[in-house]
Amino acid sequence: MAIREILLVPDPRLKLVSDPVEGAVTDEHRALMDDMLETMYDAPGIGLAAIQIGEPVRIIVMDLQENEEKNPRYFVNPEILDTSEETAPYEEGWLSILEVFDTVERPAKCLVKYMNYDRETEEEWADGLYATCIQHEMDHLNGVLFIDYLSRLKRQRAVDKVKKLKRTQAA
Ligand code: K1U
């Protein structure tokens, strides 16, 4: 397992649409999921899409950190099959845009289908933070950035802030 570098905006790779995992979930995919989880815990964050560490495949990891115990979840080729009409706001954060949080309104519930770490297909309704987080991470797989939901001014401010932070870190 390894902690990998998280891509930051405006890295163009964050705009890529990730490719599905073809065929079986291999040991290589599992090693990637292990690295993603370690990277996410180290950040720390509650979700991470593979493209955030530069791998354009449709894989997400998540741990909503509801208590002290770790509860990792793995999503290979996740699909959102249905969403509720009801929406819910959440102040979302982003590991690829440091120190930026803003409120995004999304469907409060969604029906998600995916393959897990053990190669089993799962289908379940997500709600609460789980629904918010899976939709946020699905956006990453489709090259959609959380800042795309913000006004142009707020988006530019967010990009400028990350550039400034990068310069400070490099100095
Ligand atoms: O960039 C990412 O995809 C990670 C992001 C996921 C997310 C956060 C909030 C709503 C939806 C999706 C984060 O994890 S940002 C960090 C964060 O929210 C957090 C970190 C430590 C403890 C609790 C939350």
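I will go through the pocket, the ligand and a few backbone details.

This is a predicted model, in which local features need pLDDT of at least 70 and side-chain atom pairs count only at pLDDT 80 or more, while totals for chains, interfaces and linings use all residues. Residues are numbered from 1 along each chain as its sequence is written, and side-chain values use heavy atoms, with hydrogens and water left out.

First, the pocket. On a 1 Å grid over the protein atoms alone, a pocket is an open set of points where a 1.4 Å probe fits, with protein on both sides within 12 Å along at least five of seven lines; lining residues have an atom within 4 Å of a point. The largest pocket holds about 440 Å³, a volume being the space filled by probe spheres set on the points, which are joined across faces, edges and corners. Its lining has 25 residues, with Gly 45, Ile 46, Gly 93, Trp 94 and Leu 95 nearest the centre. The largest share of that lining, six residues, comes from α2; β4 (87–93) and α2 (128–141) each supply at least two. Helices here are DSSP runs of H or I with at least four residues, and strands are runs of E with at least two, numbered from the N terminus.

Now the ligand. The ligand sits in the largest pocket, meaning that more than half of its atoms lie within 2 Å of the pocket's grid points. Around the ligand are 15 residues, and Ile 46, Gln 52, Leu 95, His 136 and Glu 137 come nearest; to be counted, a residue needs a heavy atom within 4 Å. α2 gives the largest share of this shell, four residues.

Which side chains place an N or O atom by a ligand oxygen? From Leu 95 it is a backbone N or O atom, 2.7 Å from a ligand oxygen.

Last, the backbone. Most residues other than glycine have a negative phi, and most peptide bonds are trans. Val 9 and Pro 10 are joined by a cis peptide bond, omega about 5°, and Pro 10 is in the segment before α1 (27–42). Another cis bond joins Ala 43 and Pro 44, with omega about -5°; Pro 44 is in the loop between α1 and β1 (47–49). Asn 77, not a glycine, has a positive phi of about 50° and lies in strand β3, residues 73–83.

Key
A polar contact is a pair of N or O atoms within 3.5 Å; within protein, one must be able to donate a hydrogen and the other to accept it, and residues adjacent in sequence count only if both atoms are side-chain atoms.
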